[in-house]
Amino acid sequence: MNISKILNSLEKSWERDNILLNIKKGLGADEIVNEFLMKNERQIKELNSLLRPEDIDLLNQVEQLSTCESKLINEIKSLNYLENNQNYHILNQKKIVPSNRVSFIKISSFMIKWSNKFVVIALLTISAIALSKQAWA
């Protein structure tokens, strides 16, 4: 099996909607990842055997991107907490109604779409590199 078929198959196995459902059911990140690894063990081993050093570098960059996104989400959540806390104190002091806030659902969907596009582009780049190396060999 070539690298692009493996990546496409793994991408189909890692559906964000299913992951979110598992999170809502109370499963932890480790449980979700371990389940994915067990279900796709053969493909992951085959993919690992096909990866080159430059592919590993790209995966490290994607990992750093995910870390940055996680930190950004945490910062947004903490800002939201601070805003809610300030609004609570204002309400208790002045008895006014807080103004409408920007929906964080829009920010979440932006992050998901942006992240998905980057990962797909990264995977396609890895596939293109692998296929061009095979063509020149």
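User: Is Glu35 buried, partly exposed or exposed?
Analyst: Keep in mind this is a predicted model. In it, Glu35 is partly exposed, because its relative accessible area is 30%, and buried would need under 20%.

User: OK, and what does the side chain of Glu35 meet in a salt bridge?
Analyst: That would be Lys39, with 3.0 Å from N to O.

User: Where do those two, Lys39 and Glu35, lie?
Analyst: Both are in helix H3, which covers residues 29-39. They are four residues apart, about one turn of the helix.

User: And Lys39, buried or exposed?
Analyst: Lys39 is exposed: its relative accessible area is 63%, and the cut-off for exposed is over 50%.

User: How many salt bridges are there by this rule?
Analyst: The count comes to five.

User: Let's do another one. Which residue does Glu46 form a salt bridge with?
Analyst: With Arg42, where the closest N and O atoms are 3.8 Å apart. That pair lies in helix H4, residues 41-50. Glu46 and Arg42 are four residues apart, about one turn of the helix.

User: What about accessibility for Glu46?
Analyst: Glu46 counts as partly exposed, at 21% relative accessibility.

User: Is Arg52 buried or exposed?
Analyst: Buried, because its relative accessible area is 17% and the limit for buried is under 20%. Glu54, on the other hand, is partly exposed at 36%.

User: Switching topic: where is Leu51 found?
Analyst: Leu51 is in the loop between H4 and helix H5, the latter being 53-94.

User: Buried or exposed, that Leu51?
Analyst: Leu51 is buried, with a relative accessible area of 18%.

User: So what is Leu51 in contact with, leaving aside neighbours within four places in sequence?
Analyst: Ile3, Ile56 and Leu59.

User: And how many residues along the chain separate Leu51 and Ile126?
Analyst: They are 75 residues apart along the chain, while their C-alpha atoms are separated by 8.7 Å.

Definitions and conventions:
Residues are numbered from 1 along each chain as its sequence is written. This is a predicted model: local features need pLDDT of at least 70, side-chain atom pairs count only at pLDDT 80 or more; totals for chains, interfaces and linings use all residues. Side-chain values use heavy atoms; hydrogens and water are left out. A salt bridge is a side-chain nitrogen of Lys or Arg within 4 Å of a carboxyl oxygen of Asp or Glu. Buried means under 20% relative accessible area, exposed over 50%, partly exposed in between (1.4 Å probe, protein chains only). Contact means heavy atoms within 4.5 Å.
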